[in-house]
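Here is a short tour of a two-chain model, starting with how the chains meet. Please keep the 3D view open as you read.

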Amino acid sequence: MSLVEAESLGPVEGDAPLVTPPRPPHRRVSVSLLFTLTVLTGTVVAIYMTFPARHNVLMTEAIKHHQTSEPAWDLTSPSATELRAWAIGVVGKDAPLPGPGATVIGARRVELFERDAAVIGTRIGADEVTYLVQRARGVAPEHAQREEGTLRAIEWRKGPFTCIAVGPAASATTWRAAFP
Amino acid sequence: MRFGPWYPLTAAAEYAPAGEGVVQLRVAQGLIDYPTGKSAMVWYGHTTDVRTVALALARAHAGKDLWCRHLIEIADATDLAGFCAKLRDEFVRRFGTPPVFENPG
């Protein structure tokens, strides 16, 4: 008759304890590094998948407005003072506006990324050029451009503002000079 | 020829007339510091369509407490652009800078 049956599944008093060897230090480091890299890469990929690149969306919007055949302007052919007073309300003081080389056809307020942007239609020489300006948020590229068919969209930073102009690719150098 | 009564810019749809005119905007309360004085005025503008400009400015400055008024009883031959330029020049002379909505910097 056994009086110690209850201990048959566990360690028996007096036995030597089972000691597993420690993991080698370099293995612990490599597992930790792999885990950290996986988390970091996953986070970065998730951010890129969730939030589209801001400048790409702004450029796309600017191109879309440029391609609108009959845009509904809030102001049609505004004077320089009208445009300035309007732009201060839409995007704030100091917003870079088209220079004297551009004839302003119209101006319209749009909302992008839950903040206002000014879309301004201009004529520069024989070219119609659409200009979009918005107060920049976060890190925006200093300069970017995209060709779409015969059009070229150019984006640049001016102080706290992101500016985009869209016009014929062939004369881009000429019309770009009309903007600050 | 004189300026009519002030009205909230948000009520421009009700009060601003279509057609050429001169518009004046001011803050509803308080004064703005200018280099040589204080004034409530923020903008003088000659426009070919008072109503369109007032409505566009109301949308652009939504949420700001601004008042507006425009010229009334205008004689036919009046040079409105010249009149507006004189108003603005007088403002610059008194306050040392153009009204704040005209000032890019």
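## Where the chains meet

Contact means heavy atoms within 4.5 Å. By that rule, 18 residues of chain B are in contact with 13 residues of chain A. This is a predicted model, in which local features need pLDDT of at least 70, side-chain atom pairs count only at pLDDT 80 or more, and totals for chains, interfaces and linings use all residues. Residues are numbered from 1 along each chain as its sequence is written, chains are lettered from A and ligands numbered from 1 in the order in which they are written, and side-chain values use heavy atoms, with hydrogens and water left out.

The size of an interface is often given as the accessible area lost when the parts come together. Here chain B and chain A bury about 1400 Å² between them, with 57% of it on carbon and sulfur atoms; buried area is the accessible area (1.4 Å probe) that two parts lose on being put together, summed over both.

## Bridges across the interface

The rule finds one salt bridge across the interface of chain B and chain A, a salt bridge being a side-chain nitrogen of Lys or Arg within 4 Å of a carboxyl oxygen of Asp or Glu. Asp74(A) pairs in a salt bridge with Arg59(B), and their closest N and O atoms are 3.8 Å apart. On the side of chain B that touches chain A, the elements giving two or more residues are E6 and H2 of chain B. H2(B) supplies the largest share of that side, six residues. Helices (H or I, at least four residues) and strands (E, at least two) are DSSP runs, numbered from the N terminus.

## A closer look at H2 of chain B

Which residues are buried in helix H2 (residues 50-60) of chain B? They are Val50(B), Val53(B), Ala54(B), Ala56(B), Leu57(B), Ala58(B) and Ala60(B), where buried means under 20% relative accessible area, exposed over 50% and partly exposed in between (1.4 Å probe, protein chains only). Their cover includes parts of both chains: strand E1 (75-76) and helix H3 (80-91) of chain A, together with helix H1 (12-15), strand E3 (21-27), strand E6 (41-47) and strand E7 (66-72) of chain B.

## Chain A as a whole

Chain A has four helices and seven strands, following the pattern α-α-β-α-β-β-β-β-β-β-α along the sequence. Of its 180 residues, 36% are buried. Among contacts in chain A between residues at least 6 apart in sequence, 52% join residues at least 24 apart.
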